[in-house]
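Here is a short briefing to read alongside the model. Please keep the sequence and the 3D view open as you go.

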Amino acid sequence: MTVAPHESRVLIVDDERNMCELIETDLRLRGIPSEWFTSAQEAIEAIHHQDYDVVLTDVRMPGTTGLQLCQQLSQVRPDIPVIVMTAFGTLETAILAMRSGAYDFITKPIEMDLLSITLKRAMEHRRLTEQVRLLESSQQQATSFGEVLGQSPAMQGLYDQLEQVAHSDAAVLITGESGTGKELVARSIHASGRRSEKPFVAVNCAALTEPLLESELFGHVKGAFTDARGERRGLFLEADGGTLLLDEMGEMPMTMQVKLLRALEERKVRPVGSDKEMRFDVRVLTATNRDLETAVTEGRFREDLYYRINVIGIELPPLRSRGADILRLAEHFRDRFAASENKPVAGFAEGVAEKLLSYSWPGNVRELRNVMERAIALTRYDKITLEDLPEKVRNFQGGTLIFGGFDPAELVSMEEVQRRYIKHVMDAVGGNQTQAARILGLDRKTIYRKLKQDGE
Ligand SMILES: Nc1ncnc2c1ncn2[C@@H]1O[C@H](COP(=O)(O)OP(=O)(O)OP(=O)(O)O)[C@@H](O)[C@H]1O
């Protein structure tokens with residue numbers, strides 16, 4: 001019964017020695033180490049000296065019963081999930097067990113496959129709870145910078161950096177995946193610095209063609225081009241005294257990059273069609289989700305401009321690496337949307353936090369925000385429930401959305417796996433059926449039929 005110190009370990013409590021041995025042997029074959037005791041008193045004694053990941057206990061035992069053990073453990077070690085073994089057909093006992101603080105129950109005779117799934121789920125639950133607790137206790141520092149929220153170590157480092165750059169006038173290049181909060185960070189830098197009373201202007205460089213972007217940034221005189229009926233000041237002049245955010249900078253055409261570099265070096269713009277240059281006083285922030293360094297190496301982005309805009313670089317971490325921030329942000333958005341929708345929703349039902357923590361959030365904080373907005377709109381209770389989460393979050397399993405969870409009730413048929421995988425591939429290729437057909441090795445008609453069959 002000796003096991004390595006960090007392995008997940010199960011503590012079995014049953015007054016029938018044979019039963020203990022049977023379960024221990026079966027679990028060992030499945031790679032799950034365990035120890036057993038034939039009385040609750042001995043088990044409690046052992047828990048004082050030893051850490052266990054999950055307790056599996058029988059109900060009816062001489063002396064302290066399984067339910068009493070549940071109650072005692074929920075007082076002294078609420079972090080250890082307890083699974084109670086109840087006799088088949090005794091639903092009342094199962095209910096009592098749950099009320100006594102059990103995490104789950106399983107009926108006798110024990111079905112070993114089901115037991116191992118239940119144990120793994122409890123261990124995963126404990127691991128996640130522990131992760132959240134550790135993260136929370138290690139983060140007693142700043143919880144926000146302006147409107148940028150988060151306490152994870154990744155965000156703490158960022159706040160120190162933001163504090164410093166807010167008080168300077170240096171050009172800052174903000175990078176990070178889409179939805180990580182680049183624009184919000186830019187607004188917060190502006191709001192915390194000496195320019196906060198002056199305008200903050202943002203422009204999306206990917207949304208405009210080159211001539212339009214030029215006149216948007218630098219302005220134009222009347223009649224400068226066909227549609228130029230009046231004069232326009234341009235965003236550099238509109239932001240005068242304040243901050244200009246050039247968003248999606250990686251998409252800026254090369255010829256525009258030359259013009260921008262000149263304007264930044266001379267601190268002057270020449271409106272389209274004019275021969276007069278106008279001086280501006282603007283702090284320039286840029287944001288991109290592209291790797292500009294590679295773009296420079298590949299000749300798609302001017303090196304001189306890159307150094308000009310990247311005096312200070314700030315990289316925003318993806319949400320999936322922010323640990324317990326996921327829950328804090330989820331609570332923040334839940335409360336905000338509950339207030340704006342006037343719905344008295346104030347919590348998360350069992351299992352929701354785990355799903356939020358395990359999902360990979362490819363769309364980062366924006367995706368989390370949208371998920372919470374949708375959940376508030378859908379929920380019929382005073383809590384957000386699992387049903388209020390989108391399928392991709394609910395069914396997410398270690399990088400795939402295809403299978404159900406460990407709960408047998410969530411496991412799905414082969415046909416459903418196929419349907420989900422087709423849908424997953426379709427989502428991944430943005431609905432492009434030709435590309436999906438190539439990946440799946442199916443013709444487009446089959447894809448269409450399979451999705452349609454299931455009401456998609
Ligand atoms: N740390 C944060 N705290 C609170 N809200 C956040 C945080 N990060 C992002 N958000 C919110 O998430 C949404 C997306 O943020 P934002 O638009 O700034 O992302 P982005 O990185 O600029 O995205 P994109 O690259 O797609 O332009 C916004 O509603 C923003 O308010």
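Predicted model: local features only at pLDDT ≥ 70, side-chain atom pairs only at ≥ 80, totals over all residues.

**Helices α6 and α7**

- Let's begin with helix α6 (residues 153-166) and helix α7 (residues 182-192), whose axes come within 8 Å and cross at roughly 50 degrees.
- That angle makes α6 oblique to α7, and the crossing of the two is right-handed.
- On the α6 side you will find Leu162, Val165 and Ala166, which meet Val185, Ser188, Ile189 and Ser192 of α7.
- Sorted by class, this contact of α6 with α7 has five nonpolar and two polar residues, with no charged residues.

**Helices α13 and α15**

- The axes of α13 and α15 lie 9 Å apart, and the two helices pack at an angle of about 45 degrees.
- They are therefore oblique to each other, and α13 passes α15 in a right-handed crossing.
- From α13, the contact draws on Ile326, Leu329, Ala330, Phe333, Arg334, Phe337 and Ala338, while α15 supplies Val365, Leu368, Arg369, Met372, Glu373 and Ile376.
- By class, the contact of α13 with α15 has 10 nonpolar and three charged residues, and no polar ones.

**Asp325 in α13**

- Asp325 is found in helix α13 (residues 325-340).
- Is Asp325 buried or exposed? Asp325 counts as buried because it has 24 C-beta neighbours inside 10 Å, and the cut-off for buried is 20 or more.
- Leaving aside residues up to four places away in sequence, Asp325 touches Gly150, Gln151, Ser152 and Met155.
- For Ser152, the C-alpha atom is separated from that of Asp325 by 6.0 Å, although the two residues are 173 residues apart along the chain.

**Helix α8**

- Within helix α8 (residues 210-218), the residues Leu213, Glu214, Ser215, Leu217 and Phe218 are buried.
- The partners that these buried residues of α8 pack against are β9 (200-204), α9 (235-238), α10 (254-266) and β11 (268-269).
- Do look just after α8 as well, where Gly219 takes a positive phi of about 85 degrees.

**Around the ligand**

- Which residues come nearest to the ligand? Of the 18 residues around the ligand, they are Ser178, Gly181, Lys182, Glu183 and Val365.
- The elements giving two or more residues to this shell are β7 (148-149), α7 and α15 (364-378).
- By class, the shell around the ligand has six nonpolar, seven polar and five charged residues.

Methods:
Residues numbered from 1 in each chain as written. Axes fitted to C-alpha atoms, helices over the stretch in contact; angles between N-to-C directions. Helix = DSSP H or I, 4+ residues; strand = E, 2+ residues; numbered from the N terminus. Parallel < 35°, antiparallel > 145°, perpendicular 65-115°, else oblique. Left-handed = near helix turned anticlockwise from the far one by under 90°. Contact = placed C-beta atoms within 7 Å. Nonpolar A, V, L, I, M, F, W, Y, C, P; charged D, E, K, R; others polar. Buried ≥ 20, exposed ≤ 12 C-beta atoms within 10 Å, placed from the backbone. Near = placed C-beta within 6 Å.
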